[in-house]
Amino acid sequence: MSENRSRARHRRRGKALVIGVPAALAAAGVLAYGTAFGVFGEDARPEATAADAPAWARAVADGFASVHALGQNGTYGGRDGATVTVRNLADLEKYATAPEPYVIVVAGTITVNPVGKEIKVASDKTIVGSGTAGHIVGGGFFLGPGVHNVIIRNLTIRDTHQGVWNDKDHDFDAVQMDGAHHVWIDHNDLRNMADGLIDSRKDTTYVTVSWNRLGHNNKTFGIGWTENVTADLTIHHNWFRETEQRNPSTDNAAHAHLYNNLLQDDAGTAITSAYGNYARGKTRMLLENSYFQGVNNPVVKDAGAGLVQRGNLFSGTTGRNESGGTAFDPRTYYPYTAAPAADVPALVRSGAGPRTTIGTTTTTTTTTTTTAAAATTLTVAKDGSGRYTSVQKAVDAVPAGNTSRVVIRVAPGVYRETVKVPANKPYVTIEGTGRSRKDTLIVEGHASGTPKPDGTGTYGTGGSATVAVEADEFQARNLSIANDFDEAAHQALTGHQAVALRTAADRIVLDGLIISGDQDTLLLDTAARDRIGRVHLTDSYVIGNVDFVFGRATAVIDRSVLTLKKRWDGSSGGYLTAPSTAAGRNGFLITRSTVNGDVAAGSFHLGRPWHAGGDATLDPQTTVRDSVLGAAVKSTPWTDMGGFSWKADRFAEYRNTGPGAGPAGADRPHLTAAQAAAQDTAHWLGGWTPTAG
């Protein structure tokens, strides 16, 4: 923040070790980061193998599979485990059934023996095809009771059909789930199986099925067959073609969200549709922006089911097309963007099914599909075992004006240095390779008032950053970034703002980080006043005490922990956010997160308006929604700054819980439901859908 801003100076509290703080962080003077919170699960993972995990193995699910529930925080499969490549059935079964997390890359055609065998899959697995080469022939996968956190992606699973549809002697599925949860089935080609292509049964829940081709089959996709109304599923951007029934059939699902699917029945083909989407029992289904072409009975519902349609298109369909009752709002649970139904045929035909390369990504907000070039990988290790010994040297090696992703993989260790990614080096990823984000630390201790070594003045707030990102399309994951400036030891300095991470660019993805400091920890900025800068921060810890998330960027902080620290003298009090948002733009959205810390009750504000340079035209904004607020949050959580009233700007809450939450009032504005519907991740980021690369 501006170094000429007048405010009290504070010192860091003592550096006594806290039980559980990793040695690398303790050595750098970084303190413990909050109380226990179940967002991230265990940080530990097996030692990395020589093979780098493919880009798709680092991706996480959207839709209901992304929801935190049942002790599982989203669906990310085996990304925290080793990567193995399999080419035969024995190896596939060995790793699929193992208790450890694995990314299993299928690099060829695997024929299943006996025909119809369903390979049992244990929790914490990603099974992904290598390009379009990964085929499972004559068998499928089974996920039993309690199995969770599984990704099945980029595979072709086919050909258990024995010549007779509805043959009860050959009840063979491509993917069968009985009592599983948090499963993502994505970009597969599933066809010609004896029974279901996908069977989601026995209260299987938190499932997302996306971008698949489902074809040449009878019983395509069955859901439910239980009296319990518990299952939550998202089904989007799938292509159903030459499929007779269960497209899908959804029985007693608590929440079934179907959007942007293409159901196609071509005249004169061997299989004729009996019906399309079917809501049975007590299902609550929202069906939107899908396209039905030539389908008989395209939409069917039982008398007791709730089925709400909106935005769907029907071409050459006949028979039942029904709706009625109530459904639900998916944005209560997760963000999404549905393309117009008219765009669906071109979008899904070009994007569904296995991708040519594992690194391929498909956008869900436009009608275009892009194939990413294979990432270049640079390695960094303090001991010299990598190509470079410092992170900055690896950044320096990235060619200016590069147009494809460069991944800088940083081995565990403490890297005391500053890192700058200049504006002419986009598409850079910096990721730690350790078992935990705590194992790889980039740290420095400059503050706004720290003299530069060349005698040309002090660093200033922005210049104090340990890591500074000025390039678009930057990503960082699985590491820690800290500023360990010691306020107590530098009371004579005029500026104590000390930034750990500064971003001043657009389309920034930050995932699985610890960002630690005291004052001004995380500066989310833009390249210029008239430039947009969008940031998506997920599954991370941000630690500080004074304005420790600040700047003019448009940023979403999702599923993260914002940890409030005491000041250098052990006192409590401070401010979480200080946005300096331009008028007409979105500021900071904190969603599905936790605000806590070992500080006094009622001692911290959620935010205050920073009118940088006294600019009255700014319109600072922070929204905190669907989050858990600890007791440290004041009952009047917003406050003025620099002569500007927070009430003249945009500060609000929605549906927060915890001891620090409170009812709406003049000093605590809450959004209405209508306002909240427009303040979610999809709307906030203005058409940009963050994707791991």
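**View 1. Proline 248 in the loop between strands S20 and S21 of a predicted model.** The peptide bond to look at joins asparagine 247 to proline 248. This bond is cis. Its omega is near -5°.

**View 2. A cis peptide bond from asparagine 113 to proline 114.** Omega for this bond is near 0°. Where does proline 114 lie? Proline 114 sits in the loop between strand S5 (109-111) and strand S6 (118-120).

**View 3. Leucine 70, a residue with positive phi.** Leucine 70 is not a glycine, yet its phi is about 55°. The residue lies in the loop between strand S1 (68-69) and strand S2 (72-73). Is leucine 70 buried or exposed? Its relative accessibility is 57%. The cut-off for exposed is over 50%, so leucine 70 counts as exposed.

**View 4. Aspartate 124, in the loop between S6 and strand S7.** Strand S7 covers 125-129, and aspartate 124 is found in the loop that lies between S6 and this strand. What is the phi of aspartate 124? The value is near 60°, which is positive, and the residue is other than glycine. Aspartate 124 has 22% relative accessibility. Buried means under 20% and exposed means over 50%, with partly exposed in between. Aspartate 124 therefore counts as partly exposed.

Terms used. Residues are numbered from 1 along each chain as its sequence is written. This is a predicted model: local features need pLDDT of at least 70, side-chain atom pairs count only at pLDDT 80 or more; totals for chains, interfaces and linings use all residues. Side-chain values use heavy atoms; hydrogens and water are left out. Helices (H or I, at least four residues) and strands (E, at least two) are DSSP runs, numbered from the N terminus. Buried means under 20% relative accessible area, exposed over 50%, partly exposed in between (1.4 Å probe, protein chains only).
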